[in-house]
Amino acid sequence: MTKRLTYIDIARGIAIICIVLGHLGNATINRVVFTFHVPIFFFITGYFTTTKLSIKDFIKNKFKTLIIPYICTCYAIIFLGTVKALLGNDLHSAINTFIDWSYASFYGAGDSYTDPFYIKGIGAIWFLLATFWGSIFFRLTLNFKESLRISVIIILFIISHISSTIIWLPFSIQAGMCASLFMYIGFLFKQVKSNFQSLYLEGKHFITIFALAMWFSFIKNFKSFWLVHCDIGRGIIDIAGCICACYIILFLAKFIEKNFSFLNKSLSFLGRYSIFMLCIHIIELDLFPWSSFMQQILPSNVSSIVYLCILILCKFLFII
């Protein structure tokens, strides 16, 4: 059994917190968290991908760890959504809710689309489907010669981006193609990690400061970077900024592991159960009436900052 790396779990913990924050609809939060929160999971997946398992066993493992949670979460959303509509004494609404969430679950799109036909999005668990397909695409490329891998990854990435502007295919396959690039970069990072560790302290400091500057520039000039749509913003420069952001988060995770015991335990706990947290999060995001709930517990004249802070606290208490 592979030993868990605590700092990787901490990085996952930071990322899953940021995924929840990224669904609050706050533009200031989004321009920070959207620079890394989903890509770092793909990056870590690539980091741990090997050829030790056969393709068949690899797919079985990914199905168990990604598709089973997806199916279970979809069943929960369909059931709870239908029950919620029935409690409102509206049978017609309950039937429509059942049909809508069943359709969304089967199609597996992260967002809703109206062109060229209506697609209802299932929400954040698109990530599970994308990781499943991306992992398979990437694992298959590892059977190719090293000189050919990068070409295949780039072709998959280009296909995902161009095809997504025409039609969004079922099961988040295009997002999986897009994810394979970040998995490949994570795989390469593992290969050069030992070389980085052998650098003089000055070299490490330079690389870290440069990566931080690139990430800050990405945040400052953020336009869009929605992998749920295969949208890579300004292209190569934003991909570079994203990779720098992932590096800084991993650097921060290692720093927390060494220096902050409480944060270490808390974040690594969240990281270990990040998939479960994501599944609970999408249930509350799709079904829980947060606006009505907040109106009940807060006075009407509460400031937007206080409202946001209390909403964040309630969401995390609910999920955890």
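Predicted model: local features only at pLDDT ≥ 70, side-chain atom pairs only at ≥ 80, totals over all residues.
**Notebook: salt bridges**

I began with Glu284, which pairs with Lys315 in a salt bridge whose closest N and O atoms lie 3.0 Å apart. I noted where the two partners sit: Glu284 belongs to helix H12 (residues 274-287) and Lys315 to helix H14 (residues 304-319). The pair is 31 residues apart and links distant parts of the chain.

Glu284 has 1% relative accessibility, so I list Glu284 as buried. Lys315 is buried too, because its relative accessible area is 4%, and the cut-off for buried is under 20%.

Then I asked myself how many salt bridges the structure holds. I found 4.

I moved to the start of the chain. Here the side chains of Asp9 and Arg4 meet in a salt bridge, at 2.7 Å from N to O. Is Asp9 buried or exposed? Asp9 is buried, with 3% relative accessible area. Arg4, at 46%, is partly exposed. I also saw that Arg12 joins in: salt bridges with shared partners connect Arg4, Asp9 and Arg12 into one network.

My last stop was Asp238. Which residue forms a salt bridge with Asp238? The partner is Arg234, and the closest N and O atoms are 2.7 Å apart. Asp238 counts as buried at 0% relative accessibility, whereas Arg234 counts as partly exposed at 37%.

One thought to keep beside these entries: side chains of opposite charge can pair when their charged atoms come close.

How values were computed. Residues numbered from 1 in each chain as written. Heavy atoms only, no water. Buried < 20%, exposed > 50% of the residue type's maximum accessible area, 1.4 Å probe, protein only. Helix = DSSP H or I, 4+ residues; strand = E, 2+ residues; numbered from the N terminus.
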